Structures are given as structure tokens and as C-alpha cells.
Amino acid sequence: MEIETTIIGAGLIGLAVAAEISEESEDVFVLEKNPKFGQETSSRNSEVIHAGIYYPPNSLKAKLCVEGNQRLYELCQAHQIPHRKCGKLIVATNDEEAAQLDSILTQARANGVDDIQPISRKQINQLEPAVKAVAALYSPSTGIIDTHRLMAYLESKAKNNGANLVYKTQVERVSRCDGGAYAVHIVNPDGQRFSYTTRYLINCGGLEADHIAAALGIDIVANQYEQHFWKGEYFSVRGKAHVVNRLVYPVPLPNNVGLGVHATIDLNGQIRLGPNAKYLPERNYDYTVDQAEQKAFFESAHRFLPFIQYEDLSPAMAGIRPKLQRPGDAVRDFIIHEESDKGFPGVVNLVGMESPGLTSCIAIARYVKRLLTN
Ligand SMILES: Cc1cc2nc3c(=O)[nH]c(=O)nc-3n(C[C@H](O)[C@H](O)[C@H](O)COP(=O)(O)OP(=O)(O)OC[C@H]3O[C@@H](n4cnc5c(N)ncnc54)[C@H](O)[C@@H]3O)c2cc1C
């Protein structure tokens, strides 16, 4: 059996790519090892539609986030996907932090985030009276979204276009065949193994994307495709729903790995703190939240959210970022690459798909399609 396009992984990005590619080709298979879509990173994140503020100008992260933000809002409006363009404050709690807001503003504007603006202490008070800050930036186009409903929409769009979503099916190995096709070796839930060939192979394997690329024969060390796991834990805040109505972030830490413990709200107005960023040298899938982090979360958030009490916090959930950097390394961009230059025409690897992967998913899907049609 030969099929045209195989997509590995039914997270946000695999589903968005499937929905896009199946617009023009019915011969699309999505292979997912779990019983349902979005059971890994795509359901373990902050559900924030980012504006594109922090990423280096001209990076894929910056470009796809800014484009993705707009496309995601349009999609949500057109298809009744629950979301709210609630806006976000980046708050400085002292003069030293306030001095950093300028460079964040400059970077955001260089990325095309035109609506971000500095606001005064009085304006902060008007927007969010419960927040303590000496200065802030306000980003009106940051928002929140129900990612499960987004994924359900993308799955049904792909299916309606004729794509096949095959769950409980793990890709064990992929190999190059003569004539430019690829053999996909899979195992189903009964342990049966079989293989088929595909013309195009799109690796949206999330936390396993580097291993999948390696299984194909790509040198992931030489090409710097190796992913490093960074856990992000969250604590929920009890009894303070609707005390803030926007996302509230501190000035980011200078460690290149996270945005600092911040306050997100969900569509019901509940506040959640997080994520932190903990390097996992062992690369495991441990999603437990360490209760001992409660003190650090409280101290971090209490600086700008003084209404939060220590006992309001309880461990909520965790996600794992597939980063391309180890501790101390410089920030890395997404890798979204068609592999003709390495001798694998028709293969697209998506590696290091951490934040803003949710925000960018529709723009990423269009970008992948362009890579395969150019
Ligand atoms: C803590 C945290 C907070 C975040 N917050 C935000 C945010 O607020 N806004 C934002 O824009 N982004 C955010 N992100 C990033 C966003 O969640 C991810 O970029 C996005 O979910 C990645 O989607 P994906 O489809 O690449 O990966 P995944 O959701 O991990 O999907 C990959 C899929 O591939 C499958 N798979 C892997 N190997 C195989 C195999 N061999 N065979 C078959 N199937 C396989 C897996 O089972 C999985 O379902 C956050 C991430 C984290 C960790």
C-alpha cells in the first residue's frame, strides 16, 4: 500500500497540519500512539494565545506567532471555538524591572505587535485594581482559548476533508525506500506490526520528534535536533475567581527558559499560576507537581498579586516543553525543515515545538504546506 501523506502525531500541530493538507489531498493518514488526540503537551499548557512579544525578530517563533495569533482569532470566531481576547499586562514591581519594559516594547514592535503599549500606574489601577505594579505594558491582543475545542474542530475538519486519523498506533521506525518514498513501520494496540509506504512524511511527534527524525537516519546531534525536556508546573488559586480579568506576567527572568511564574485565567475566570521551568536531565514523562514548589510560586506571584494567600494555592498540573536548549544555552528557534538537503525529500521535521506552538498552529500548518509545494 502506498499513500500520499503521513503525519505522525495528533497534537495541536499534527491536527492543524492534517486539516490544512487534507484541503487538497484526501490521501492523508495521521498516526497517533494514544487513544485520542492531544493527550500530551497540547493538553498541558497555559492555553494562552500569545501576541508574539518576546521572540527574536525574524525568528520563526516571532513570525508564526504574530500570524498565528490573528488566524487563530479568525478561526475561533468563524467556528464558535471558545476563546477570549482578554489582554495581558507585563508588570514591573520596582524601578529595575520597569527599566526592562522598554526593551520588551521595542522587541514586540519589531515583531509586528503593533497594539502593545506602556501604561501608567493609574491605568494599571483602572484595568486591574488588585495588581501591584509601578509600571506595565499592556498587550490587548493576548487571549485565552479552549484548546480541547480547537483540537476537536481541527480533527473534524481533517476528517471531513477525507483524512484518516488512526489512534492507538505507534510509529516504531521510518526508513527510506527506493524511488523517493518512505516505509512507515507501525504497531497497533494488539501488538501487530506492519508497514506501508508514503510519499510525504510530516513529523509532528512533539516530545518524540527528535527520536523519530533519528530513526529515519538524520544525525540529530550534528544537526542540533536533540530535544531537552523542561517541565512546567502549575498551581491553582482557590477562591479568587475574577479578581483579575487579564493575564498578568512579571518581567521575564533573564534565563531564556520561561516567562516567570505568571497568572493565567481560564474561560471561567479561575486563576492559575505557572508554569515554572525545570530541566529534566533524565528526559522522563513525569507529570506530578512537586508540592514543595508552593512557597516559590507564592513568593513569586505575591509580589504583584498581593491578594493571593499561601493557603490559596494547590498543585494543579504539569506539562513538558521539548526545548532545543540545555540550561545556560541561548534561546533556540522552532525547527520546521523540509529535509531534501539531507537526502530526505518530502520529509518535514518539526522539532523543538514549545511555546508559542499553540498560538502558531494554524500558521505552522500553512508554512508546512508551503515547504512541500515549493
Ligand atoms: C507548560 C507549557 C505551557 C505552554 N503554554 C503555551 C501557551 O500558553 N501558548 C502557546 O502558544 N503554546 C504553549 N505551549 C506550547 C504548546 O503547548 C505546544 O507547542 C504544542 O502543544 C505542541 O503541539 P504538538 O502537536 O507539537 O505536540 P504534542 O501535543 O506533544 O503532540 C505530539 C503527538 O505525537 C504523538 N507521538 C509521538 N511519538 C509518536 C509515535 N512514535 N507514533 C505515534 N504518535 C506519536 C504523541 O502521542 C502526541 O500526541 C506550552 C507548552 C508547555 C509545555
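The legends below describe close-up views of a predicted model.

**View 1. The two domains of the chain.** Domain 1 is made up of the segments 2-44, 148-226 and 331-373, and domain 2 of the segments 88-140 and 229-323. Taken over C-alpha atoms, the centres of domain 1 and domain 2 are 32 Å apart.

**View 2. The interface of domain 1 and domain 2.** Contact between the domains involves 13 residues of domain 1 and twelve residues of domain 2. About 1200 Å² is buried between domain 1 and domain 2, and carbon and sulfur atoms carry 52% of this area. On the side of domain 1, the residues that lose the most area to domain 2 are Arg44, Leu207 and Glu354, which together account for 57% of what that side buries.

**View 3. Polar and charged pairs across the interface.** Two salt bridges are counted between domain 1 and domain 2. Six residue pairs are in polar contact across this interface, with both residues at pLDDT 80 or more. The side of domain 1 that touches domain 2 consists of six charged, four polar and three nonpolar residues.

**View 4. Glutamate 354 and lysine 323.** The side chains of these two residues form a salt bridge, with an N to O distance of 2.6 Å.

**View 5. The largest nonpolar core.** This core holds 46 residues, and Ile53, Leu273 and Leu305 have the most contacts inside it. Another core, of 45 residues, lies apart from it and includes Tyr73, Ile81, Ala163 and Ile362.

**View 6. The surroundings of leucine 273.** Beyond its neighbours within four places in sequence, leucine 273 is in contact with residues including Glu233, Tyr234, Phe235, Val237, Val261, His262 and Ala263. Also in contact with leucine 273 are Phe297, Ala301, Leu305, Ile308 and Leu313.

Terms used: Residues are numbered from 1 along each chain as its sequence is written. This is a predicted model: local features need pLDDT of at least 70, side-chain atom pairs count only at pLDDT 80 or more; totals for chains, interfaces and linings use all residues. Side-chain values use heavy atoms; hydrogens and water are left out. A nonpolar core is a set of buried Ala, Val, Leu, Ile, Met, Phe, Trp, Tyr and Cys residues joined through side-chain atoms within 4.5 Å. Buried means under 20% relative accessible area, exposed over 50%, partly exposed in between (1.4 Å probe, protein chains only). Contact means heavy atoms within 4.5 Å. Domain bounds come from an automatic or database domain assignment. Buried area is the accessible area (1.4 Å probe) that two parts lose on being put together, summed over both. A salt bridge is a side-chain nitrogen of Lys or Arg within 4 Å of a carboxyl oxygen of Asp or Glu. A polar contact is a pair of N or O atoms within 3.5 Å; within protein, one must be able to donate a hydrogen and the other to accept it, and residues adjacent in sequence count only if both atoms are side-chain atoms. Ala, Val, Leu, Ile, Met, Phe, Trp, Tyr, Cys and Pro count as nonpolar, Asp, Glu, Lys and Arg as charged, and the others, Gly among them, as polar.
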